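Here is a short report for a reader meeting this structure for the first time. Please keep the sequence and the model at hand while reading.

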Amino acid sequence: MTVAACGDSGSGDSADANSSAAAGTPVNVAVICSCTGSFAHSIGPASKVAQAWSKSVNAAGGINGHPVRLKLYDDAGNPGNSVTKAKAAISDKVDVIINLTTLVSTWIKAADDAGIPVVGGDFFNAVFSKDPNAYPSGQTTNALPYAIISTAKLAKATNLGILYCAESPSCADTVSLMKGVGEELGLPVIHSASISATAANYTSQCVAAKQAGVTALYVSHSASVLEKVAGDCARQDFHPTLIEAGTGFTMRLVDNAVTKNNLWIAFPILPFFVDQPQVQKLNEAVDRYSPGLRTDPQSWTTLAAQVWTGGLLVERGVESSGVSAGQDVSAAAITKGLTSLKDETLDGWAPPLTFTAGKANQVNCWYVGRVQDGKPALVNDGKRSCKDGSTS
């Protein structure tokens, strides 16, 4: 059997041919994704990493002898479709869902009611810091204001301006949170404005931020919008330190004439550009099962790596569940396994993850990187920064 294509409606499974090496019953994994539609440029490629993960696991004999049967449910970025696809996955009696859509809030209750754990994947949604049945594989959004403000402080900024996405009310909601954290940490937020991906240019926003005396500018939007903002600001002779939340980071920002020298990033997981064994394992799997993906700077993003960490978290859930190769895997067993994890780092990809049954699973640490002279690197000696001010 072959892995379902990105636009698959959810009919037909995707256990790959190598699964014969594992003799146990399958782990049925649903990936609910916005593989087509307006988010296809970033989520579509990321879904291929989920496929590479499942194939590499099966080639190695499965998880505790259980092959992974992966199935994509494409919601095309439509809220109604997302609910329908989630209900289809639940009806198919999947054991776990890997989230790869921004629309998880529309169907999380249905997954909760069915007792099916939801793993990120795309965990940059408030659901993953509030719902006990949602298990993030990296830093959650509740810590984002602290990550952005503290990263700006590391960059020696004296204040912060925010340009936030106009497409979602949640983007505007973060401004007041940022201001509160800025006061707490001693870095005032002195300016904010909305920006739209469809705008012809961002000249007026750049001029306003320059006139306000902004020294660091957090662009809460896609990497492509960040590139345009950086260019328009430079044309106004405005060169603030640029700050980005790392989920959208792509290697295009390393080559951009402006961002290649003054970009700082708060990463929710270990950045994919780091030369470490766990990253090399991801690279080898992707190069084997989806050749060319990593060489496309538009497609190869932090989100793609996050899907890999979501897969690793599924593995840990099954491994810790106590289910042997001769027993059936179930949603309840995986939930038991996930809630038994203590300080799990997913081979060094994630801040320490500890999940407690019935409690929200907030992850309050992150990695800080920067781009300088066209080269991306970790800063602070590669130590994680945390919401409480500690490093590890």
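## The link of Cys365 and Cys386

The torsion about the S-S bond of Cys365 and Cys386 is 105 degrees, and this link is right-handed. The pair ties together distant parts of the chain. Cys365 lies in strand 11, while Cys386 lies in strand 13, which covers residues 385–386. The two cysteines are 21 residues apart. Their sulfur atoms sit 2.0 Å from each other. Both Cys365 and Cys386 are buried.

## A predicted model

The model is predicted. Its protein chain has a mean pLDDT of 93, and 95% of the residues reach 70 or more. Residues 1–20 have a pLDDT below 50. Beyond near neighbours in sequence, that stretch has 52 contacts in the model.

## The other disulfides

How many disulfides does the structure hold? There are four. Counting bonded cysteines along the chain, the pattern is 1-2, 3-4, 5-6, 7-8.

Cys33 and Cys35 form one of them, with an S to S distance of 2.1 Å. The torsion about this S-S bond is -115 degrees, and the link of Cys33 and Cys35 is left-handed. Cys33 has a relative accessibility of 0%, so Cys33 counts as buried. Cys35 is buried too, with a relative accessible area of 4%.

Another disulfide joins Cys165 to Cys171, S to S 1.7 Å. Is the disulfide of Cys165 and Cys171 left-handed or right-handed? Its S-S torsion is about 70 degrees, so the disulfide is right-handed. Cys165 counts as buried because its relative accessibility is 11%. Cys171 counts as buried because its relative accessibility is 12%.

## Helix 12 against helix 13

Helix 12 spans residues 302–319. Helix 13 spans 331–338. How do the two helices cross? Their axes come within 7 Å, at an angle of roughly 100 degrees. Helix 12 and helix 13 are therefore roughly perpendicular to each other, since angles of 65 to 115 degrees count as such.

Which residues meet here? Helix 12 brings Leu313, Gly317 and Val318. Helix 13 brings Ala333, Ile334, Gly337 and Leu338. By type, the residues of this contact divide into five nonpolar, two polar and no charged.

## Gln306 in helix 12

Gln306 is found in helix 12. Is Gln306 buried or exposed? Its relative accessibility is 0%, so Gln306 counts as buried.

What does Gln306 touch, leaving out residues up to four places away in sequence? Its contacts include Gly120, Gly121, Asp122 and Phe123. Ser137, Thr247, Pro268 and Ile269 are also among them.

## Lys342 in a loop

Lys342 is found in the loop that runs between helix 13 and strand 11, the latter covering residues 365–372. Is Lys342 buried or exposed? At 53% relative accessibility, Lys342 counts as exposed, because exposed means over 50%.

Val329 is 13 residues from Lys342 in sequence. In space, the C-alpha atoms of Lys342 and Val329 are 21 Å apart.

Notes
Residues numbered from 1 in each chain as written. Predicted model: local features only at pLDDT ≥ 70, side-chain atom pairs only at ≥ 80, totals over all residues. Heavy atoms only, no water. Helix = DSSP H or I, 4+ residues; strand = E, 2+ residues; numbered from the N terminus. Buried < 20%, exposed > 50% of the residue type's maximum accessible area, 1.4 Å probe, protein only. Contact = heavy atoms within 4.5 Å. Disulfide = S-S within 2.5 Å. pLDDT = per-residue confidence, 0-100. Axes fitted to C-alpha atoms, helices over the stretch in contact; angles between N-to-C directions. Parallel < 35°, antiparallel > 145°, perpendicular 65-115°, else oblique. Nonpolar A, V, L, I, M, F, W, Y, C, P; charged D, E, K, R; others polar.
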